Amino acid sequence: MEIKIVCQRCRQKFSGSTNTETVICPHCHLVIPNSAIRKRSSSREHVRTSHPLREKLKKILRASTQKPAAASGSSSTNYPKFCALDNSSPSGQRAVLCGISYKKWKYNLKGTINDVLNMKDLLIKTYKFREENILVLTEEQSDSRLIPTKANIETCLKWLVKECRKGDSLVFYYSGHGLRQPDVNRDEIDGFDETICPVDFLKEGMILDNEIYATIVKPLPEGVTLHAIVDACHSGTILDLEHVYDKEKRMWIDNRPPSGARKLTSGGKAYSISACEDHQVAADTSAFSSKSMNGAMTYILIEVVKARPSVTYGELLDEMHKRIEETNKQGCLGGSRLLSRIFGPNLTQKPLLSASEEFPIYERQFRL
């Protein structure tokens, strides 16, 4: 009999048979005795890691036994009836914007929907993206394909790069919880994989940086440009790009995997702007706008780009660091994301720039 198994080590799901003595996880190659699987299967329990971080997350996030559900469409936010997934051959510019509030959980995020709508507004008004080429995933969507589940996010990321061609500009934006877990493939310098958390991540698992790289970075053909803007904790190297800019040293540093594997595109260019370094947390705050909650990095990025359309990557990075540092010194970064709720509001986050190739950041204009 074939059953669904969640690996105890890497927490990824795969199918396995109960008729063999052991099964091997195809992701991390852990050998799992089938007696343990049969026991869990008979009691209808999912195999879950006993890793302290996982158990801590369960206690922090689960305010009730009710699981996140698809939105009923009763929100006052207006979403277009047309879905870009129905556009079989988008060309030129396309974007996937994902904002998750985890509204059924105790520690929800109040700024993520604002972040997504503000980013969509920036793409349309400043960079002339067409609305029919933009996918917006939130829990408020009435189209079930656009609820930010793990399966839906993976499908939308595949759509983002499908049949892309020379001259196309692609954007992946994410605002939500981010975590990290031990790296089992020796492709992380710090020993941890970075992850994003779909709305159903406690059941279906997180999406690892390795998977994001394989889906939207590796296939990029020559002449195609991808920008990922990720406003989440531990999001520093979420695309696994080989070059990371060290702002203090004012130089690019090597982020190639210790295993010797290469994390290259297929000729295209990939850029990532993350809310913080891999070991840091990011703020969901009202410090920059008394009227609403926003991701700190997202709010500053949009404000700077609107005011200075010709800003360079270096100038944008400097401005984000400067404003976050000034606000943090004033003790205003209240309402931060998950881990800052545990450790306090005055955490410093340092936005990070990474790329598929080195380039002069104070000479190249930031353009989506």
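View 1. Strands, like helices, are DSSP runs numbered from the N terminus, with at least two residues (E) for a strand and at least four (H or I) for a helix. The model is predicted: local features need pLDDT of at least 70 and side-chain atom pairs count only at pLDDT 80 or more, whereas totals for chains, interfaces and linings use all residues. Residues are numbered from 1 along each chain as its sequence is written, and side-chain values use heavy atoms, leaving out hydrogens and water.

View 2. The pairing of β5 with β7 is parallel and comprises 7 bridges; two strands pair if DSSP finds at least two bridges between them. C98 is placed opposite Y174 of β7. Parallel pairing over 7 bridges also links β7 to β11, where I229 is the bridge partner of Y173.

**View 3. An open sheet of 8 strands has mixed pairing.** The strand order is β6-β5-β7-β11-β14-β17-β12-β13. Because β6 and β13 (251-254) are edge strands with a single partner each, one side of each has no neighbour in the sheet. On average, neighbouring strands are turned by 15° against each other, direction ignored; axes are lines fitted to C-alpha atoms, for helices over the stretch in contact, and angles run from 0 to 180 degrees between N-to-C directions. Helix α3 (residues 112-125) lies across β5, β6, β7 and β11, at about 165° to β5.

**View 4. The largest nonpolar core contains 44 residues.** Such a core is a set of buried Ala, Val, Leu, Ile, Met, Phe, Trp, Tyr and Cys residues joined through side-chain atoms within 4.5 Å. L135, F172, Y174, I216 and L226 touch the most other members. Elements giving two or more residues include β6 (134-137), β7 (169-175) and α6 (209-217), while α4 provides the largest share, 6 residues. Leaving aside residues up to four places away in sequence, I216 touches L157, L160, V161, F172 and L226, contact being heavy atoms within 4.5 Å.

**View 5. An open sheet of 3 strands is antiparallel.** Its order is β8-β9-β10. Strands β8 (178-182) and β10 (207-208) are at the edges with a single partner strand each, so one side of each lacks a neighbour in the sheet. Strand β9 (residues 192-196) is joined to β10 by 2 bridges, and I207 in β10 is the bridge partner of I196.

Key. Buried < 20%, exposed > 50% of the residue type's maximum accessible area, 1.4 Å probe, protein only.
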